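These are my notebook entries on a structure that was new to me. I wrote down each thing that I looked up, in the order in which I looked.

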Amino acid sequence: MRISVFGMGYVGTVSAACFAELGHTVIGVDVSSGKIDMINRGLSPVVEDGLDEVVAAAVKSGRLRAVADTQTAVLQSDISLISVGTPMSRTGAPMLDALDAVVDDIGAALRDKNGGHAVVLRSTVPPGTTEGRMLPALATKSGRDGDNGLAVAFNPEFLREGCSVKDFRHPPFTIAGAPTTAGYNAVEALYRGIDAPFIRTSTGVAESVKCLSNAFHAVKIAFANEAGVLLKSLGVDAQEAMRVFCADHQLNISPAYLRPGFAFGGSCLPKDVSALVALAKAGHIDLPFLSSVMRANDAHIDRALQAILDEGRRKVALLGLAFKPGTDDLRHSPFVYLVERLIGKGYELAIFDRNVHASRLLGKNREFIEREIPHFDRLLIADLRRALDSAGIIVLGHASGEDLAVLEADHNGRPILDLQGVPQLAQLPGVRYRSLC
Ligand SMILES: NC(=O)c1ccc[n+]([C@@H]2O[C@H](COP(=O)([O-])OP(=O)(O)OC[C@H]3O[C@@H](n4cnc5c(N)ncnc54)[C@H](O)[C@@H]3O)[C@@H](O)[C@H]2O)c1
């Protein structure tokens, strides 16, 4: 392919040189004449392990050169990749002026071009940028749209500085977010020769996965460092502890607990997070990250409360009270805390949970529920249809397949707040479906 790459920084230079290595013909564009000059002399403008050799070989082969002029680059390529900087502003939001400038230039250049052209955004941007900002600007400036040869896509870059050439050659996956098949196809053609799963998705998902990946890496580092500091203070070998921790690929290093849904609860998670925070406090160790976890969980319960209040129906049927399905453990159940808040606001509740039977609750479980919700046995309804009967709003905490079938048959157009994550409920005829995430 004939590719133009806008922004010859870390991402742009590595991509340009590595795409040339894959056999494409690449033109780099930058506002810095110094960078253009270096590339044309076969030198990398950024320091990266192994990059000098790839740039030198690409320039020598005639498959990589750099120019300052957008017009030349666009007219002599079939696809433009944008990898200009999107640095952090004072508010924390990324600055998109360099992106806007490049998009305007590419759009204007496209007016003079015959034939189709694809524009692929590779800079890290907030979700919505490709279709909400880049595509309309390109369409306006170029006078084109998807029907006359303009394809767009978002293709995030996952390279890490320091080993970016290796990361380019061996990515975890290649993601193409696009509104049309032409956009996907343009990205797919770029990566022929790279052995990695190719994922086609929406631009919003592709943009989000990039931002979330970096946020998650930051979360992991903050977690590991807080764990390390706390364990060291307790005389525990933190390196060994984290090494063993990471050996669990079922729950720790795995997709477990990474599905957006409702708050956590139960007898272990809140207790053990609180225990670590208490240990840290006792040792005068500040753990801002772990200390905020219970607050983040609580905020999620409040979101559910607000969603119910917003509906303005004072009779609530709640399906599921135990902290998760398949148990009658009510201790620190987020649904119990939700009920408590609703009662505090004067709401009437009918609660159904096929595993919870007031007469069979014993010990700490009974003590907890009696403390949190006095007379809760009066709210517990053994028959789901009866629980749904007079409700103005139905809150789905968790329910079995059998119970969902009853809900599907008996919702009667009342609003359903889905905290379990059963999106097919939204397809029911006449349903008023709402979820938190
Ligand atoms: N650095 C990384 O490891 C990495 C990894 C993945 C994604 N990203 C994202 O990729 C993007 C680029 O990051 P980077 O580290 O390569 O940035 P960088 O600052 O190293 O490079 C950006 C380049 O864009 C050039 N530029 C600015 N305005 C221009 C214009 N109007 N026309 C042409 N060139 C222009 C600059 O001169 C510079 O050379 C950012 O959005 C970043 O968040 C970075």
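How many bridges join strand β9 to β10, and do these strands run parallel or antiparallel? I found that 5 bridges join β9 (residues 315-319) to β10, and that the two run parallel. I kept to the rule that two strands pair if DSSP finds at least two bridges between them, and I took helices (H or I, at least four residues) and strands (E, at least two) as DSSP runs numbered from the N terminus.

Before going on, I noted that this is a predicted model, in which local features need pLDDT of at least 70 and side-chain atom pairs count only at pLDDT 80 or more, while totals for chains, interfaces and linings use all residues. Residues are numbered from 1 along each chain as its sequence is written.

**Entry: the sheet around β9.** Strand β10 (residues 348-352) has 4 of its 5 residues buried, so it is largely enclosed by the rest of the structure. Here a residue is buried if 20 or more other C-beta atoms, placed from the backbone, lie within 10 Å of its own, exposed if 12 or fewer, and partly exposed in between.

I then followed β9 to strand β11 (residues 393-396), to which it is joined by 4 bridges, again in parallel; Val316 stands opposite Ile393 there. The whole open sheet has 5 strands in the order β10-β9-β11-β12-β13, with parallel pairing. Its edge strands are β10 and β13 (432-435), each of which pairs on one side only.

Entry: Ala176 stands opposite Arg200 in β8. Helix α8 (residues 181-190) carries the chain from β7 to β8, and this crossover is right-handed.

**Entry: the chain as a whole.** I recorded 18 helices and 13 strands, and buried residues make up 36% of the 437 residues. The C-alpha atoms fill a box of roughly 80 × 60 × 40 Å along the principal axes. The chain is divided into domain 1 (2-202) and domain 2 (296-435), with bounds that come from an automatic or database domain assignment. The C-alpha centres of the two domains lie 49 Å apart.

**Entry: two loop residues.** Is Ser32 buried, partly exposed or exposed? Ser32, in the loop between β2 (25-29) and α2 (33-40), is partly exposed, because 14 other C-beta atoms lie within 10 Å. Its C-alpha atom is separated by 7.9 Å from that of Ala68, which is 36 residues apart from Ser32 along the chain.

Asp147 is found in the loop between α6 (129-142) and β6 (150-154), and I noted it as exposed, because 7 other C-beta atoms lie within 10 Å. Asp147 and Gly116 are 31 residues apart in sequence and 9.8 Å apart in space, C-alpha to C-alpha.

Definitions and conventions:
A crossover is right-handed if, with the strands pointing away from the viewer, the path from the first strand over the helix to the second runs clockwise.
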